[in-house]
Amino acid sequence: MFSATFPRAIKHLAESFLNDYVFLSIGRVGSTTENITQELHYVEEHDKRAYLLDILTGTTGLVLVFTETKRTVDYLNEFLYN
């Protein structure tokens, strides 16, 4: 199992189901580096694509976008590519 954010409940679940379970942590669990700015934007569903384009065109650094499903990732990839 891999997770960038590994909640305690999921860690305990993994321990109970997996054989030879190993938990590897890089950095401090639950923290972030000072070089990363985390932002959360609440946007109405029908405004999301335009809002994302505004963020991407106004940003000079790297951007990481989280989605709920792989289908949404595929959709966004197609949208942004075209």
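## Basis

In this predicted model, local features need pLDDT of at least 70, side-chain atom pairs count only at pLDDT 80 or more, and totals for chains, interfaces and linings use all residues. Residues are numbered from 1 along each chain as its sequence is written, and side-chain values use heavy atoms, leaving out hydrogens and water.

## Overall make-up

The chain holds 3 helices and 0 strands. Its elements run α-α-α from the N terminus. Helices here are DSSP runs (H or I, at least four residues), as are strands (E, at least two), numbered from the N terminus.

Of the 82 residues, 5% count as buried (under 20% relative accessible area; exposed is over 50%, partly exposed in between, with a 1.4 Å probe and protein chains only). The accessible surface is about 8200 Å², by the Shrake-Rupley method with a 1.4 Å probe. Carbon and sulfur atoms account for 55% of that surface.

## Helices α2 and α3

Helix α2 spans residues 48-57, and helix α3 spans residues 70-81. Their axes come within 12 Å and cross at roughly 60°. Axes are lines fitted to C-alpha atoms over the stretch in contact, with angles from 0 to 180 degrees between N-to-C directions.

From α2, Arg-49, Leu-52, Leu-53 and Leu-56 meet Tyr-75, Leu-76, Phe-79 and Leu-80 of α3. Contact means heavy atoms within 4.5 Å. By class, this contact has 7 nonpolar, no polar and 1 charged residues. Nonpolar covers Ala, Val, Leu, Ile, Met, Phe, Trp, Tyr, Cys and Pro; charged covers Asp, Glu, Lys and Arg; the others, Gly among them, are polar.

## His-41

His-41 sits in the loop between α1 (8-17) and α2. His-41 is partly exposed, at 37% relative accessible area. Beyond neighbours within four places in sequence, His-41 contacts Tyr-51 and Ile-55. The C-alpha atoms of His-41 and Tyr-51 are 9.4 Å apart.
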